[in-house]
Amino acid sequence: MIEALVTSGAGEVEDLTARDLLALARDRKATEDRAAADLLTIAAQWADLHPPESIHDAAVFSLAAGGREHEEPIAGEGCPLVAEFCVAELG
């Protein structure tokens, strides 16, 4: 039933039973949770690739106020620092 919904046109949700709707919702939520976990893994790997030491190896961006890229905490105490601009690049 779920496979039919995926491959068919919109509007067939109305034809599903309560059991089928709950199964479909559970399936979609599991897919969403897997995607969210994958995204966290990707973000962690991205942070690992951009430690503060990477700032010195990359091109330097000058800011209007004369500042330069620096190390940036991305979470609370104990979290490793990352290169400031990598956060925006990932976003």
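Here are a few worked exercises on the structure above.

This is a predicted model, so local features need pLDDT of at least 70 and side-chain atom pairs count only at pLDDT 80 or more, while totals for chains, interfaces and linings use all residues. Residues are numbered from 1 along each chain as its sequence is written, and side-chain values use heavy atoms, with hydrogens and water left out.

**Exercise 1: the overall layout**

Solution. Start with the tally: three helices and two strands. Helices (H or I, at least four residues) and strands (E, at least two) are DSSP runs, numbered from the N terminus. Next, look at burial: 15% of the 91 residues count as buried, where buried means under 20% relative accessible area, exposed over 50%, and partly exposed in between (1.4 Å probe, protein chains only). The protein exposes about 7000 Å², with carbon and sulfur atoms supplying 61% of that; accessible areas come from the Shrake-Rupley method with a 1.4 Å probe, and for residues only the protein chains shown count as cover. Finally, take the contacts (heavy atoms within 4.5 Å). Among those with a separation of 6 or more, 34% join residues 24 or more positions apart.

**Exercise 2: the salt bridges**

Task: find the three salt bridges and say which residues are linked in a network.

Solution. The criterion is a side-chain nitrogen of Lys or Arg within 4 Å of a carboxyl oxygen of Asp or Glu.

- Step one: Arg-28 pairs with Asp-27, with 3.1 Å between the closest N and O atoms. Arg-28 is partly exposed at 38% relative accessible area, and Asp-27 is partly exposed at 30%.
- Step two: Lys-29 pairs with Glu-32 at 3.6 Å. These two sit about one helical turn from each other because they are three residues apart in helix 2 (residues 18-49). Lys-29 comes out at 41% relative accessibility, so it's partly exposed, and Glu-32 is partly exposed at 49%.
- Step three: Asp-33 also bridges to Lys-29, this time at 2.9 Å. Asp-33 and Lys-29 are four residues apart in helix 2, again about one turn. Asp-33 is partly exposed at 40%.

**Exercise 3: a histidine in a loop**

Task: is His-50 buried or exposed, and which residues does His-50 touch?

Solution. First locate His-50: the loop between helix 2 and strand 1 (71-73). Its relative accessible area is 17%, so His-50 is buried. Leaving out residues up to four places away in sequence, His-50 touches Val-82, Ala-83, Cys-86 and Glu-89.

**Exercise 4: a nonpolar surface patch**

Task: say which residues form the nonpolar patch on the surface.

Solution. Patches take residues with over 30% relative accessible area and no salt bridge, joining like charges within 9 Å and nonpolar side chains (Val, Leu, Ile, Met, Phe, Trp, Tyr) within 5 Å. The patch here is Leu-39, Ile-42 and Leu-90, with about 280 Å² of accessible area together. Leu-90 belongs to helix 3 (residues 84-90). With 37% relative accessibility, Leu-90 counts as partly exposed.
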